[in-house]
Protein chains: 2
Amino acid sequence: MLTAAAAGNRVSGDDFKAALPDLRLNLLNAQFDLAEAGFPVVVIIAGDDRVGANLLVNRLNEWLDARYLTTEVFTQPTERARARPMAAQLWMALPPKGRMALWVGGLMRQVRAHLEGEISTVQLEQWAKHLRRTQRMWLDDGALVLKFFVHTPTAVQKRRFKKAKKTGDGAWRYDERDWDLAENLDDAIPVIESTLQDTSVVGAPWTIIEGSDDNYRDLRVARSIRAALQPGLESPGPTEPATPAEPFVDPDQSATVLEHVDLDRSVKKSTYKARLARLQGELHLLADEARRRGISTVLAFEGWDAGGKGGAIRRLTSALEAGDYRVHAVAAPTPHERDYHYLWRFWRDLPLDGRISIYDRTWYGRVLVERVEGFATAAQWQRAYSEILDFEQQVTEHGTYLAKFWIHISPDEQLARFQAREQTPYKRHKITEEDYRNRERWEDYVQAVDQMVVRTSTQSTPWHIISGNDKRNARLEVITHVVQGLERTLG
Amino acid sequence: MLTAAAAGNRVSGDDFKAALPDLRLNLLNAQFDLAEAGFPVVVIIAGDDRVGANLLVNRLNEWLDARYLTTEVFTQPTERARARPMAAQLWMALPPKGRMALWVGGLMRQVRAHLEGEISTVQLEQWAKHLRRTQRMWLDDGALVLKFFVHTPTAVQKRRFKKAKKTGDGAWRYDERDWDLAENLDDAIPVIESTLQDTSVVGAPWTIIEGSDDNYRDLRVARSIRAALQPGLESPGPTEPATPAEPFVDPDQSATVLEHVDLDRSVKKSTYKARLARLQGELHLLADEARRRGISTVLAFEGWDAGGKGGAIRRLTSALEAGDYRVHAVAAPTPHERDYHYLWRFWRDLPLDGRISIYDRTWYGRVLVERVEGFATAAQWQRAYSEILDFEQQVTEHGTYLAKFWIHISPDEQLARFQAREQTPYKRHKITEEDYRNRERWEDYVQAVDQMVVRTSTQSTPWHIISGNDKRNARLEVITHVVQGLERTLG
């Protein structure tokens, strides 16, 4: 794969100069068109020729307009990056719609770490799998992902080092890493090749670029970027994958999950007080231990309007140290958030190691309100199930305790609560016409909830369906699950 | 100050219940009005009664609408926080216009650190000074800053601990820190009182709240927040300080700085090539050492349109490792950035320790384009000089090397470059009607630049005025300053 690419490609100085004006103009025009388009562009650059890849990045920064471009170099991960699942770093480097990012350094860092025995083959493959899946999500959302690997044969690299050392010209560009890799490149090539294959996805393969000649390397990549941008800008950005649309109501699946919730469970006030105090004390100690051991927690709350999510959450947070948790009240995305993939804001708000993120409404909005109200297309919400499972898997693989709650109440109980809220001055604002309108969609939501629970319950991230007609019962059920879940996670 | 506040204030359970509905409604309404208003609100809560302050924060979170509120707890600073000037943490926790933030924990963390000998009196005062100045800037920009200190007498705190320990009820809320502080509160009070004084500013004094009774404490703070929000929302948000407006053209200061730049300096191509190669090699090694030693660099570029900022910057970056630097092309703020103080985005983009941030146009836009084009009021750009000096002082006090460049060219040279750009296809987009219009304002800009240079040149952060009619000369002057500056900083 790599060696075949090293065919001795060159571009003469004159040809390079002649090609430049048109190419630069076209690149800039493509970039201006992109600014108006509805998708982001990620250009990933890697190479066994580190110096060549860096020179290429410098050149692209010169040719492209820096106002619409960010360059992200993935060097040793910082403490903050290590304190969250691997892909969080990728998500936070994702450019908004209309912008382009150049990414450098990630792939070879992993390959080197493997060659030096810091990470195992399994870890390298795990990393590749997450990179693959993350790309898949972005591509499905309309992103353009372009990947270039600069390969320069050992002999050429060695010749360059020697020349630089002898003449002193640009010798400072090379360091030990480069000597080491060139020295051992032939052994490294099989690992590089399998990693390139493992991180390729349909719609975003790696392009191997020969790096023996600077002009050839830079022209070839710049032309590929321009060519890839042009047709993309002409067709509508996000493309729907050609999977057959599932029917809105799945005929094979009748509502069963919510139907079987026993809504009659209730708890006496005195019992409630005593049990809550005991459970809060336990939760406090468990959260202390989790902080000390760097184990983080994600609690996801969904449920009917007026179901009691807020009250249940407050019974948890009042047992926690204020610095340990954050409650994220998830409403319609802001214009800024809308410039990103729908999962972006949830990645952003993941807890650092030892901390707790509580989401009051969650990423499941994609398969609940967005599905029922038609804000997401069928293809979008249907592929969301696996996207969500993948997100949650990355969170739990990082060692995080993740729990999901659906707080269930009956339509009658909801109506009674709406009416009670209207009687309480400071709760009246919580009730709008829309809440009453949503009640007409009750059966559609039941369908969506059932399908969500069936599709996204896994052994490590099951849904907890909470019996919520009695608020005291709901609060005790929630805090009991959290206490037990933390005990299990902490071993 | 503190002891006088402990007058045994109480609110009975019945009075508390009676007051609640109206208070909560008013708080929510004030918050909804705030969402439409053009300023942020920061509520700072501290206290010698840590448990009481936390309970207060919980209660405010319950009473206010979580969608418009974030709670930030300043515990031990993370590695990332320590890798930037202290106030960067405050700036990044500043809510956007229309939102409210609750801040907890910062003041007592400093006081404790001082009492335990971790930080000196000078360091404590330095911290207070920066907090004071930061508040000043935000207040001048229209922000509302409310500060509450919960004081509970030693005897009351001790009684609570003993009761909790005996009955087990809520005993988990208390830990060793609380015992220690209550034990030594009488010794700590002088330090707390002087820190409260040192962090008070006109328009944002500390309010001491007695914490002996939970109901009194929470009602008192909630009512103060409501009262402070209400008049603020009725009057226009940002208020202009009542300083006399300076005349646009300062009669005492004639243009001198730019007049005396020798624009005839030029460098032969062969000399340029040799010197640039040598300087780039030196820069590379210095940047390596700075990275290893965790010393960061901020390079600020201003200058006439077509003055050659981009070219000078590229001669620097091509000598650097791609992972070490970021170039921030500063254009008009985005809608998201406009929701913050004008300095916010520059704080956000400060380098971590060991890294380099290069700003292509800078915070000086406030006293250049915003002044000349009338985007900022006279009061806004006039107070910007000291705000900017304060920002730069915090950056350099952190150990960062900061350099500022004005690249100067003559009006004729600019015209020639505009015309040349129009002949180059990929540079044509850089020239617009506006660029020609700006030329008519040349003398206004000269005035603004002169005043800027005079007012913001300090010993540690002087302006470098670069002779730019000859591009080669300009590039060599810039890189020479950077190399010398880094050598000085690295000692």
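**View 1. The open five-stranded sheet of chain B in the predicted model.** In chain B, five strands form an open sheet in the order β7-β8-β6-β9-β10, with parallel pairing; strands (E, at least two residues) and helices (H or I, at least four residues) are DSSP runs, numbered from the N terminus, and two strands pair if DSSP finds at least two bridges between them. Strand β9 (residues 401-408) of chain B is joined to β10(B) by five bridges in the parallel sense, and W406(B) has I465(B) as its bridge partner in β10(B). This is a predicted model, in which local features need pLDDT of at least 70 and side-chain atom pairs count only at pLDDT 80 or more, whereas totals for chains, interfaces and linings use all residues. Residues are numbered from 1 along each chain as its sequence is written, while chains are lettered from A and ligands numbered from 1 in the order in which they are written.

**View 2. Helices packed on the sheet of chain B.** α13(B) touches β6 (297-303), β7, β8 (356-360) and β9 of chain B, and its direction makes about 165° with that of β8(B). Axes are lines fitted to C-alpha atoms, for helices over the stretch in contact, and angles run from 0 to 180 degrees between N-to-C directions. Helix α21 (residues 471-490) of chain B lies across β6, β9 and β10 of chain B, at about 165° to β9(B).

**View 3. Strand β2 of chain B and its partner.** Of the five residues of strand β2 (residues 69-73) of chain B, four are buried, so this strand is largely enclosed by the rest of the structure. A residue is buried if 20 or more other C-beta atoms, placed from the backbone, lie within 10 Å of its own, exposed if 12 or fewer, and partly exposed in between. β2(B) runs parallel to strand β3 (residues 100-104) of chain B, and five bridges join them; L69(B) is paired with M100(B) of β3(B).

**View 4. The largest nonpolar core.** This core has 57 residues, among which L283(A), F405(A), I479(A) and V482(A) touch the most other members. A nonpolar core is a set of buried Ala, Val, Leu, Ile, Met, Phe, Trp, Tyr and Cys residues joined through C-beta atoms within 7 Å. Helix α21 (residues 471-490) of chain A gives the largest share of this core, seven residues. Beyond its neighbours within four places in sequence, V482(A) is in contact (C-beta atoms, placed from the backbone, within 7 Å) with L283(A), L299(A), L316(A) and A403(A). A second, separate core of 56 residues includes V298(B), L299(B), L343(B) and V367(B).

**View 5. The two domains of chain A.** Chain A is divided into domain 1 (2-234) and domain 2 (258-490), with bounds from an automatic or database domain assignment. The C-alpha centres of domain 1 and domain 2 of chain A lie 41 Å apart. Their contact takes 17 residues from domain 1 of chain A and 15 residues from domain 2 of chain A. On the domain 1 side, the largest share, five residues, comes from α7(A).

**View 6. The contact between chain B and chain A.** Here 39 residues of chain B are in contact with 39 residues of chain A. α2(B) supplies the largest share of the chain B side, five residues.

Conventions
Two residues are in contact if their C-beta atoms, placed from the backbone, lie within 7 Å.
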